Amino acid sequence: MIKLHSLSSYTFITGIFLLVLIQIDRQSYKSNFQYVGQDTIEIVESKVPSKIFTIICHGYAGSKEMMRQLAFDIANAGSNAVIFDFIGHGSNSQRLVNNPTELSGTTQQLVDQVINVIDLLKLKYGSDIKLNLIGHSMASDIVIRASEKQNISSIAAISPYSTKVTENFPKDLLLTSGQFEKHLRNHSLKFTKLIVTDADENVEYSNGLVRRKASYTKNTGHVSVIYSPQTSATITEWFKLKNGHRTLWSTQIIWILLGLTMITYGLSRVKLPTINYYDNTRVSSVKSIIVGISSPTIALSSSYIDYELFTIFGFGSVAAYFGIVGVATLLLCREIWENSEKFHFYPFIKLLVAFSILVILINHFIGSFFITNHRIFAFLIMIIPLTIFCVAIEKLISMSATITAFFIRILPLMGFSILLAIFPEKYGVMFTTVPIYIFYFLVFGYIGKIQRKSVGSYTIGTLHGIFLAFALAATNPIFSI
């Protein structure tokens, strides 16, 4: 059904081959699954028999799949690695309590979830097991709080920020950040100075009762730090495990991203019927920019719209904002209507399949994101407003100069960022909409840009509306109203 040009075919096949090699490597690790209520717990078994269990917790809007490389490193080092999706994240079908600013609200809900995992491991494997905890970003605070009344051997907090750390608690704590996370590095060093006032980074300190270290991983940021071989080496050394010293070239995420890039390039050259589509009208750069600025400005009024069709929080607000941007764009630029085009169904189906291939691969190798349960309702809330938005924006971009197109694409995101800053209580938990929007158009937008000249903006815009709604529904955490 999908036909590619020769070079694109070779690129696509090479990308698939790289991902197959990654999957073969993953299959060399043995996992078993346990269940705590509605939570599914995956235990990546140690390469050697071990009574050590390391629970690895992902950050906000992340998933267990993002922590898999670290789990493999832990398993290679001689500990069983335990990964799972937090409530409201990834494949977890439950909703978060909509009280993220109170310790007794969302935070306590996630702390209780970690404690339940600890209790399961003790029940299943015996109370004499040795337990370590790892938490990234948001989860750094969660694992520290969960350890308070538990018999935990050691904790590694990645990109940490917590108000729970004191001079005497936790007893054994590694704080490690990315080199570019200056604020978090300072925060970590402050905790180390609680036991040694002149403490420095990358040095282990102990006062006989408390062991602590603040370190950083070179050339990494908030996300890349969890994939770095140096981070794994620092943690396994701190836990006194066998250090496998994974090389950069054996880091799966590098080959996954390369494979997905090659597949994206290949799919962008999908052969479609020759339609010979051309825009008969061009919009001046001045008007395009005025429309681009005016549309999100008008859409700021969406902050006064409160409609949540289902028992989940925030997706109606996102839908209202982008829907108003789309409608405002259509009303302010009559050229979009005057230069109407046909919707091409057969090319739409071919590109739908191409987009779906990427979604499946990204879900499997990077995200662990699923459209199930409440996420289905999130998708339904957003699909029509986001399709209107994408069709309008794609049409305006197609009739504008290339340099102007960038501003048209980015201005709605700037408008939404303003909403985040002005109304954090309403939009704050949806801040991951911003990076997902950027990531979406870097990947799927590339395919759309190449094919838009062949099949027109309506067809491409409809595809973007469907899959952008899917991306936002699949990745934003699910909170109750």
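Biologist: How many helices and strands does the protein have?
Modeller: The protein, seen here as a predicted model, has 16 helices and 9 strands.

Biologist: What radius of gyration would a compact globule have, and what does the protein have?
Modeller: A compact globule of 481 residues would have a radius of gyration near 23 Å, and the protein has 24 Å, which agrees. Along the principal axes, the C-alpha atoms fill a box of roughly 75 × 50 × 45 Å.

Biologist: And how many of the residues count as buried?
Modeller: Of the 481 residues, 58% count as buried. The protein exposes about 20,500 Å², and carbon and sulfur atoms supply 62% of that area.

Biologist: What share of the contacts comes from residues 24 or more positions apart?
Modeller: Such residues account for 74% of the contacts that have a separation of 6 or more.

Biologist: Turning to charge, how many positive and negative charges are there?
Modeller: There are 40 positive and 29 negative charges, and their mean positions lie 7 Å apart.

Biologist: Now to helix α6. Is it mostly covered or mostly uncovered?
Modeller: Helix α6, which spans residues 229–238, is mostly covered, with 8 of its 10 residues buried.

Biologist: Which ones are buried?
Modeller: The buried residues of α6 are P229, T231, S232, A233, T234, I235, T236 and W238.

Biologist: What covers them?
Modeller: The cover includes helix α2 (68–76). It also includes the strands β5 (130–136), β6 (154–158), β7 (172–178), β8 (203–206) and β9 (211–217).

Biologist: What is found at the start of α6, and what follows the helix?
Modeller: At the start, a side-chain oxygen of S228 reaches to within 3.2 Å of the backbone nitrogen of Q230. The helix is followed by K240, which has a positive phi, near 60 degrees.

Biologist: Why does G323 count as buried?
Modeller: G323 counts as buried because its relative accessible area is 12%, and the cut-off for buried is under 20%.

Biologist: What does G323 touch?
Modeller: Leaving aside residues up to four places away in sequence, G323 touches P385 and I388.

Biologist: And how far is G323 from A299?
Modeller: G323 and A299 are 24 residues apart in sequence, and their C-alpha atoms are 8.2 Å apart in space.

Key. Residues are numbered from 1 along each chain as its sequence is written. This is a predicted model: local features need pLDDT of at least 70, side-chain atom pairs count only at pLDDT 80 or more; totals for chains, interfaces and linings use all residues. Side-chain values use heavy atoms; hydrogens and water are left out. Buried means under 20% relative accessible area, exposed over 50%, partly exposed in between (1.4 Å probe, protein chains only). Helices (H or I, at least four residues) and strands (E, at least two) are DSSP runs, numbered from the N terminus. Contact means heavy atoms within 4.5 Å. A polar contact is a pair of N or O atoms within 3.5 Å; within protein, one must be able to donate a hydrogen and the other to accept it, and residues adjacent in sequence count only if both atoms are side-chain atoms. The radius of gyration is taken over C-alpha atoms; the globule rule is 2.2 Å times the number of residues to the power 0.38. Accessible areas come from the Shrake-Rupley method with a 1.4 Å probe; for residues, only the protein chains shown count as cover. Lys and Arg count as positive and Asp and Glu as negative; His and the chain ends are not counted. The place of a charge is taken as NZ of Lys, CZ of Arg, CG of Asp or CD of Glu.
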